[in-house]
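Work through the following exercises with the sequence and the 3D structure at hand. Each task is followed by a solution that goes step by step.

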Amino acid sequence: ALMRGGYAAEAAARFAQLLAEQPGDPALRFNCAWATALTGDHAAARAMLDDDLTSALPQAAQLEVQLLHQAGEFDLAAERARGHLARHPDYPPLLAAVSVLALDVDDDELALSCAQGGGAHPDALTTLGTLTLGDMELDRAQALFEQALAQNAQSPRAWIGLGLAHMAR
């Protein structure tokens, strides 16, 4: 509730307290890492995402990929993503996150495969829109970007894609 309410620091502190009481609980470890990431302390959040946690929870694997990608560590993010996909091949949010990373490492085949598996996740839709835009399927690309924005109006990639689709017309 604290994270959803915009109180990430308070949530991180609460999860840290609970984690001190139950240090082996993977759900608490993940939520502490997530709340910490929301505070902007990405290095501390990444430090909490060890192999045991990312192997146990696909959402922890997703968070690790996103944090590495955001930090510009594309090679490491891609390497970690491959392992995570092998362990969690059917988790749409992870697939969506990897689809975005794959665009940035110029692996269109992986981007397409992951975006298709990412379902209606806004990152997956944005990746599909980007690939569709590259094929000059402007109507379809625009529709995909609009679907992504309907779910996440703060997506810079979807806004840029939508703008590019309009410019291409």
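**Exercise 1.** Determine how α10 and α11 pack against each other, beginning with the handedness of their crossing.

Solution. The crossing of α10 and α11 is left-handed, a term used where the near helix is turned anticlockwise from the far one by less than a right angle, right-handed being the clockwise case. Helices are DSSP runs (H or I, at least four residues) numbered from the N terminus. This is a predicted model, in which local features need pLDDT of at least 70 and side-chain atom pairs count only at pLDDT 80 or more, while totals for chains, interfaces and linings use all residues. Residues are numbered from 1 along each chain as its sequence is written, and side-chain values use heavy atoms, with hydrogens and water left out.

Next, take the geometry: the axes of α10 and α11 come within 9 Å and cross at roughly 155 degrees, where axes are lines fitted to C-alpha atoms, for helices over the stretch in contact, and angles run from 0 to 180 degrees between N-to-C directions.

Finally, list the contact, meaning heavy atoms within 4.5 Å. Leu138, Gln142, Phe145, Glu146, Ala148 and Leu149 of α10 meet Arg157, Ala158, Trp159, Gly161, Leu162, Ala165, His166 and Ala168 of α11. These residues divide into 9 nonpolar, 3 polar and 2 charged, with Ala, Val, Leu, Ile, Met, Phe, Trp, Tyr, Cys and Pro counted as nonpolar, Asp, Glu, Lys and Arg as charged, and the others, Gly among them, as polar.

**Exercise 2.** Which residues of the largest nonpolar core touch the most other members?

Solution. A nonpolar core is a set of buried Ala, Val, Leu, Ile, Met, Phe, Trp, Tyr and Cys residues joined through side-chain atoms within 4.5 Å; buried means under 20% relative accessible area, exposed over 50%, and partly exposed in between (1.4 Å probe, protein chains only). Of the 15 residues in the largest such core, Leu133, Phe145 and Ala158 touch the most other members. Two or more residues each come from α9 (122-134), α10 (138-151) and α11 (156-168), and α10 gives the most, with 6 residues. Ala158 itself touches Thr126, Phe145, Ala148 and Leu149, leaving aside residues up to four places away in sequence. Apart from this core lies another, of 12 residues, among them Leu68, Ala77, Val98 and Cys114.

**Exercise 3.** Is Asp106, a residue with positive phi, buried or exposed?

Solution. Asp106 has a positive phi of about 60 degrees although it is not a glycine. Asp106 is placed in the loop between α7 (92-104) and α8 (108-117), and is exposed, with a relative accessible area of 67%.
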